[in-house]
Amino acid sequence: MRKDNLTRLARFKLNEKRRQVEQLELMMAEFDRMCADLEAQVISEEKKSGITDQTHFAYPMFAKAARQRRENLGNSVNDLRVQINAAKIALEEAEAEFEHAEKLQQRETMREEAEIPKQAAS
């Protein structure tokens with residue numbers, strides 16, 4: 001039964017790592033979408049004002065703020081990429097650990113099944 005607990009724990013860890021990777025990927029997709037929305041807002045503001053030069057004294061403050069927000073989100077996306085890569089490595093390790101635990105459990109089950117006929121014969 002100890003091997004069964006090991007397998008359950010490995011399965012739990014594996015599912016947790018999968019959930020983390022999925023969550024990070026969803027967050028990155030959401031940030032990418034927000035960056036695209038902000039870019040569209042910047043373009044719209046620049047068209048309204050007729051000024052695209054960010055150094056111009058009359059450059060729209062909203063466009064300037066949206067650009068900064070988009071840049072910050074872009075940095076966050078880059079950070080998430082690093083986190084996703086680390087999470088994927090941890091997921092691969094959890095998958096290997098789970099496979100190992102399953103093999104140990106299968107061996108234990110086979111050993112127990114082989115012992116049952118011996119005990120019945122006694």
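Colleague: How much accessible surface does the protein chain have, and what share belongs to carbon and sulfur atoms?
Modeller: The accessible surface comes to about 8,900 Å². Carbon and sulfur atoms hold 54% of that surface. Areas come from the Shrake-Rupley method with a 1.4 Å probe, and for residues only the protein chains shown count as cover.

Colleague: What sort of model is this?
Modeller: This is a predicted model, where local features need pLDDT of at least 70, side-chain atom pairs count only at pLDDT 80 or more, and totals for chains, interfaces and linings use all residues. Side-chain values use heavy atoms, without hydrogens or water, and residues are numbered from 1 along each chain as its sequence is written.

Colleague: How many helices and strands?
Modeller: The protein chain has two helices and zero strands. Both kinds are DSSP runs, numbered from the N terminus: helices are H or I with at least four residues, strands are E with at least two. Helix α1 covers residues 2–49. Helix α2 covers residues 61–121.

Colleague: What are the box dimensions along the principal axes?
Modeller: Roughly 95 × 15 × 15 Å for the C-alpha atoms.

Colleague: And what is the radius of gyration?
Modeller: The protein chain has 27 Å. A compact globule of 122 residues would be near 14 Å. The radius is taken over C-alpha atoms, and the globule rule is 2.2 Å times the number of residues to the power 0.38.

Colleague: What fraction of residues is buried?
Modeller: Buried residues make up 23% of the 122. Buried means under 20% relative accessible area, exposed over 50%, and partly exposed in between (1.4 Å probe, protein chains only).

Colleague: Take Ala10. Buried or exposed?
Modeller: Ala10 is buried, because its relative accessibility is 2%. Ala10 sits in helix α1.

Colleague: Which residues does Ala10 touch, beyond its neighbours within four places in sequence?
Modeller: Glu97, Phe98 and Ala101. A contact here means heavy atoms within 4.5 Å.

Colleague: What about Thr7?
Modeller: Thr7 is in helix α1 too. Thr7 counts as buried because its relative accessible area is 2%. Outside four places in sequence, its contacts are Phe98, Ala101, Glu102 and Gln105.

Colleague: On contacts across the chain, what share joins residues at least 24 apart?
Modeller: 76%, among contacts between residues at least 6 apart in sequence.

Colleague: Where is Arg67, and is Arg67 buried or exposed?
Modeller: Arg67 lies in helix α2. With a relative accessible area of 17%, Arg67 is buried. Leaving aside neighbours within four places, Arg67 contacts Val42, Glu46, Gln54 and Tyr59.

Colleague: Now Lys48. Which side chain does Lys48 pair with?
Modeller: Glu45, through a polar contact of 3.2 Å. That term means a pair of N or O atoms within 3.5 Å; within protein, one must be able to donate a hydrogen and the other to accept it, and residues adjacent in sequence count only if both atoms are side-chain atoms. Lys48 is in helix α1. Lys48 is exposed, because its relative accessibility is 63%.

Colleague: And Lys103?
Modeller: Lys103 is in helix α2. At 47% relative accessibility, Lys103 is partly exposed. Its C-alpha is 16 Å from that of Ala114, 11 residues along the chain.

Colleague: Last topic, charges. How far apart are the mean positions of the positive and negative charges?
Modeller: 1 Å, for 21 positive and 23 negative charges. Lys and Arg count as positive, Asp and Glu as negative; His and the chain ends are not counted. Each charge is placed at NZ of Lys, CZ of Arg, CG of Asp or CD of Glu.
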